[in-house]
Amino acid sequence: MNSKTHLGHTARKRFGQNFLHDEGVIDGIVSSINPQDGENLVEIGPGLGALTEPVCEQVSKLTVVELDRDLAKRLRSHPFIQNKLTIVEADAMKMDFSTLYQTGKPLRIFGNLPYNISTPLMFHLFEFIEHIQDMHFMLQKEVVNRLAAVPGNKDYGRLSVMTQYYCQVIPVLHVPPHAFKPAPKVDSAVVRLIPHANKSVKVNNVKTLEKVCSAAFGQRRKTLRNSLKEILDAEAIERLGIDPGARAETLSLADYANLANAVT
């Protein structure tokens, strides 16, 4: 059997497909999601159903968002779970997730995200954060490290600040390459993202926060005086009690919120 073929489906590079097949890892992920019947569960990129099937064993309804037409078709005729599935054939990157929200039933989103879209997809989902209860994603381990990083850590960057603005970040499981077919060249990890009920910092404009983070971390080796000079001058930075001679990775989320709120 061709190493790239799994259950008769060839993994497509353009969709970044790597299929999960390790039972122990699958059990660990499903346990960390802990799906309960009656919840508004949404899986992004169900693929060949490695997570879809065990989740459906525990619940009577699951919505799946699948871009690959062949895979959506397979799920529609799945002998055991087809009646439990609501299949949305769509690109998750462009989808309005608020359409899946039901009053009193926030979304519980999970998925083994293609590596090539994981970061932009998370930013897209943050736009619907008020409709989301929690998210569980399988990502490259280095991405999970960046999501969870704290100031002063080499992995700390724009992704850390923006994600932590929206969510509590909890790494829950390490996943080795051999858990997939084809095996990727990197380790993976599962992360739990829980939207803050009350954000720890107040930001007047999220787009400004993104702009400040992009400028600061886009030129990490530069001091804030230089990297932010198009946005804030050194005096304005100093008035906030922040050293203009500091570098991006030393600042906290609260510091970035203060910088963003000082931009007029």
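This is a predicted model: local features need pLDDT of at least 70, side-chain atom pairs count only at pLDDT 80 or more; totals for chains, interfaces and linings use all residues.
The structure contains 1 cavity of 30 Å³ or more. The space in the largest cavity amounts to about 40 Å³. Its lining is formed by I29, I33, L51, F110, G111, N112, H136, F137, M138 and V190. At least two lining residues come from each of α1 (23-33), β7 (107-112) and β8 (132-140). By residue class, the lining comprises 7 nonpolar and 3 polar residues, with no charged ones.

Among the lining residues is F110, which is located in strand β7. F110 has a relative accessible area of 1% and is therefore buried, the cut-off being under 20%. Beyond its neighbours within four places in sequence, F110 is in contact with I33, L41, V42, E43, I44, L51, V55, L62, H136 and F137. Of these contacts, I33, L51, H136 and F137 also line the largest cavity. V42 lies 68 residues from F110 along the chain, yet the C-alpha atoms of F110 and V42 are 6.4 Å apart.

Helix α5 spans residues 141-148, and its buried residues include V143, V144 and L147. These residues lie on the same side of α5 because they cover an arc of only 100° around the axis. In an α-helix, residues three or four places apart point the same way, since there are 3.6 residues a turn. The cover over the buried residues of α5 includes the helices α4 (118-126) and α6 (158-166), together with the strands β8, β9 (167-175) and β11 (188-195). Strand β8 is also one of the elements that supply at least two residues of the cavity lining.

Conventions: Residues are numbered from 1 along each chain as its sequence is written. Side-chain values use heavy atoms; hydrogens and water are left out. On a 1 Å grid over the protein atoms alone, a cavity is a set of points where a 1.4 Å probe fits but cannot get out, and a pocket is an open set with protein on both sides within 12 Å along at least five of seven lines; lining residues have an atom within 4 Å of a point. Grid points are joined across faces, edges and corners, and a volume is the space filled by probe spheres set on the points. Helices (H or I, at least four residues) and strands (E, at least two) are DSSP runs, numbered from the N terminus. Ala, Val, Leu, Ile, Met, Phe, Trp, Tyr, Cys and Pro count as nonpolar, Asp, Glu, Lys and Arg as charged, and the others, Gly among them, as polar. Buried means under 20% relative accessible area, exposed over 50%, partly exposed in between (1.4 Å probe, protein chains only). The arc is that of the directions from the helix axis to the C-beta atoms. Contact means heavy atoms within 4.5 Å.
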